Amino acid sequence: MELKQQKSEMTELGVNNMNISDDGFNIIKKFEGCELEAYKCAAGVWTIGYGHTKDVQEGDKWTEEKSEFMLWRELEDEYEHYVNSLVTVPLNQCQFDALVSWVYNLGPNNLKSSTLLKTLNLGNYNGVPEQIMRWNKATVDGERKVLAGLTRRREAEALMFEGKSWEHI
């Protein structure tokens, strides 16, 4: 199996200064899917485009182009920053991309309080894929349930983090 290892992009202050790659963008697009009309996701949140939830209302409609633009903008303006600022150890591109996908799906507060972040910031890179895999549940009809789609997404993110091929998931 081919590994996709790249160098880390740390600043002199030890802060990650990275941007998502095309691979990272593509994993998010694959698992979010693109819906051009607003809908309620499994967790009951109004969503449109590639998982966009901010200020979405019933009846909203987007084009494919707007959906891609909004995803890039959200990743660059917000989600890259969460990973760059909260992770205190060097990351390669695959690791960064996997974490941005995870945070885009689960939110920064989950990253801040996660064992995943604690494990990673201790330098235990090998322990991270297992931590990624733990986050495969959502509240549906008031109950926490394992969702097959989230399990597949976490598997792909874990493989990406390890620099392995994820596209077959």
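**Helix packing, cysteines and loop residues**

In this predicted model, Pro90 is partly exposed, with a relative accessible area of 40%; here, buried means under 20% relative accessible area, exposed over 50%, and partly exposed in between, with a 1.4 Å probe and protein chains only. Residues are numbered from 1 along each chain as its sequence is written, and side-chain values rest on heavy atoms, with hydrogens and water left out. As the model is predicted, local features need pLDDT of at least 70 and side-chain atom pairs count only at pLDDT 80 or more, whereas totals for chains, interfaces and linings use all residues.

Pro90 lies in the loop that links helix H2 (64-86) to helix H3 (93-106); helices (H or I, at least four residues) and strands (E, at least two) are DSSP runs, numbered from the N terminus. Between the C-alpha atoms of Pro90 and Leu122, which are 32 residues apart along the chain, the separation is 11 Å.

Helix H3 also contains Cys94. This cysteine is buried, with a relative accessible area of 6%. Cys34, by contrast, is partly exposed, with a relative accessible area of 24%. Zero disulfides are present in the structure, a disulfide being a pair of cysteine sulfur atoms within 2.5 Å. For Cys34, the closest cysteine sulfur is that of Cys41, and the 15 Å between the two sulfurs is too far for a bond.

Two packed helices are described by the angle between their axes and the distance between the axes. The axes of helix H1 (residues 22-32) and H2 come within 12 Å and cross at roughly 120°, where axes are lines fitted to C-alpha atoms, for helices over the stretch in contact, and angles run from 0 to 180 degrees between N-to-C directions. H1 is therefore oblique to H2, given that angles under 35 degrees count as roughly parallel, over 145 as roughly antiparallel, 65 to 115 as roughly perpendicular and the rest as oblique. The crossing of H1 past H2 is right-handed; a crossing is right-handed if the near helix is turned clockwise from the far one by less than a right angle, and left-handed if anticlockwise. H1 contributes Asp22, Phe25, Ile28 and Lys29 to the contact, and H2 contributes Glu68, Leu71, Trp72 and Leu75, contact meaning heavy atoms within 4.5 Å. By class, five nonpolar, no polar and three charged residues form the contact of H1 with H2; Ala, Val, Leu, Ile, Met, Phe, Trp, Tyr, Cys and Pro count as nonpolar, Asp, Glu, Lys and Arg as charged, and the others, Gly among them, as polar.

H1 packs against H3 as well, at an angle of about 35° and with the axes 8 Å apart. The crossing of this pair, H1 and H3, is right-handed. On the H1 side, Asp23, Gly24, Ile27, Ile28 and Glu32 meet Asp97, Val100, Ser101, Tyr104 and Asn105 of H3. The contact of H1 with H3 has four nonpolar, three polar and three charged residues.

Asp55, which is not a glycine, has a positive phi of about 60°. Asp55 is placed in the loop between strand E2 (46-49) and H2 and is exposed, with a relative accessible area of 72%. Asp141, again not a glycine, has a positive phi of about 50°. Asp141 sits in the loop between strand E3 (137-140) and strand E4 (143-146) and is exposed, with a relative accessible area of 73%.
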